[in-house]
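Biologist: I am new to this structure and would like to learn how to read it. Could you take me through it step by step?

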Amino acid sequence: MAVLEVFVLAAIFAYAYLLKQYSKIQRPVFEVKNVENTELTTDDIAKMKGYWNIAAFGVDSRDSSVGRGNNADVIMIVSINRENGEIRIASVFRDSYLSLANGNYNKINQAYAVGGPELAVKALNQNLDLNITDYVTFNWKAVVDAVNIMGGVDLEVTPAEFKYINSFITETVKSTGVGSVQLTHAGMNHLDGVQAVAYARLRLMDSDYNRTERQRKVVSLLMDKIHAADAAKRI
């Protein structure tokens with residue numbers, strides 16, 4: 001009976017913890033019927049068979065909000081092969097001049113600011129001939145916490161990146177309230193959450209092409225660590 005009570009109490013505490021974490025998730029207005037692409041051809045539908053496509057948005061939010069009013073400076077399409085579990089990530093450049101699916105044309109990151117995740121997903125579907133109905137949105141703090149929980153990531157910082165990264169680290173500390181330190185050298189560095197976000201935000205020394213590459217690199221390294229982690233860290 002004592003052993004049974006221990007298991008029951010453990011289950012109760014685990015459930016309470018998960019419920020608490022679940023309650024922290026923000027859920028902006030999102031109606032699937034408003035984003036579904038009804039203009040796809042038979043060939044378009046056939047190409048997507050067997051895949052689960054998810055839109056991932058990283059918002060330029062200085063507070064905890066993830067709804068409309070925030071530019072989506074990270075826009076990724078995560079494609080999961082349902083048969084073998086393979087995951088592929090494609091970036092959409094934030095400055096791409098596209099239809100916002102509301103009769104206007106602008107930079108695609110504006111779709112999220114104007115209409116939240118619903119308009120942003122609808123715009124991706126319309127411009128890319130997709131039928132995404134699932135999405136996830138994260139802000140700087142969420143990425144900082146995720147990287148810190150997993151113990152940081154190892155990245156090669158080029159001399160050009162090193163020239164700017166410390167100012168981005170300072171800004172990210174101020175915006176998230178999470179402490180960090182500045183880097184002392186270029187080359188291989190073990191980055192904490194704040195430093196990794198600063199790295200992914202770098203854009204002054206090259207182009208948005210390179211910036212999205214840095215974003216995917218951070219996400220890929222984080223996913224590798226999650227896959228290798230024990231169950232407690234995954235939760």
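**Reading the fold**

Modeller: Gladly! The protein chain has 9 helices and 8 strands. Please keep in mind that this is a predicted model.

Biologist: How many residues does the protein chain have, and what share of them is buried?

Modeller: There are 235 residues, and buried ones make up 38% of them. The accessible surface of the protein chain comes to about 13,600 Å², with 57% of it belonging to carbon and sulfur atoms. Sequence separation is another thing to look at: of the contacts with a separation of 6 or more, 64% are between residues 24 or more positions apart.

Biologist: Which strands pair with β1, and in which sense?

Modeller: To read pairing, look for the partner strand and then for the direction. Strand β2, residues 72-81, pairs with β1 in the antiparallel sense over 9 bridges. You can find one of these by locating A55, whose bridge partner in β2 is I77. Strand β6, residues 134-138, pairs with β1 in the parallel sense over 5 bridges. There, F57 has T137 as its bridge partner in β6.

Biologist: Now the charged side chains. How many salt bridges are there?

Modeller: The count comes to 8 when a side-chain nitrogen of Lys or Arg has to be within 4 Å of a carboxyl oxygen of Asp or Glu. One of them joins D73 and R94, with the closest N and O atoms 3.3 Å apart. D73 belongs to strand β2 and R94 to the loop between β3 (87-91) and β4 (97-99), so this pair ties together parts 21 residues apart in sequence. Both D73 and R94 are buried.

Biologist: What else does R94 form a salt bridge with?

Modeller: R94 also forms one with D208, the closest N and O atoms being 4.0 Å apart. D208 is in helix α8 (residues 208-228) while R94 is in the loop between β3 and β4, so the parts tied together are 114 residues apart in sequence. D208 is buried, as is R94. Put together, D73, R94 and D208 are linked in a network of salt bridges.

Biologist: And K107 with D95: how far apart are N and O in that salt bridge?

Modeller: Their side chains meet at 3.4 Å, N to O. The pair links distant parts of the chain, 12 residues apart: K107 is in strand β5 (residues 105-107), and D95 is in the loop between β3 and β4. K107 is partly exposed, with a relative accessible area of 35%, and D95 is partly exposed too, at 39%.

Biologist: Last, a helix. What should I look for in α6?

Modeller: Begin with its span. Helix α6, residues 159-176, has 18 residues and reaches 26 Å from its first C-alpha to its last, close to the 26 Å expected. Then follow its axis, which bends by about 35° at I165. I165 is also among the buried residues of α6, which include E161, F168 and T172.

Biologist: What covers those buried residues, and what comes just after α6?

Modeller: The cover includes α5 (140-149), β7 (153-157), α7 (193-201) and α8. Just after α6, G177 takes a positive phi of about 80°.

Technical notes: Residues numbered from 1 in each chain as written. Predicted model: local features only at pLDDT ≥ 70, side-chain atom pairs only at ≥ 80, totals over all residues. Heavy atoms only, no water. Pairing = 2+ DSSP bridges. Helix = DSSP H or I, 4+ residues; strand = E, 2+ residues; numbered from the N terminus. Buried < 20%, exposed > 50% of the residue type's maximum accessible area, 1.4 Å probe, protein only. Contact = heavy atoms within 4.5 Å. Areas by Shrake-Rupley, 256 points an atom, 1.4 Å probe, with all protein chains shown as cover. Expected span 1.5 Å × (residues − 1). Bend = angle between axes of the 7 residues up to and from the residue.
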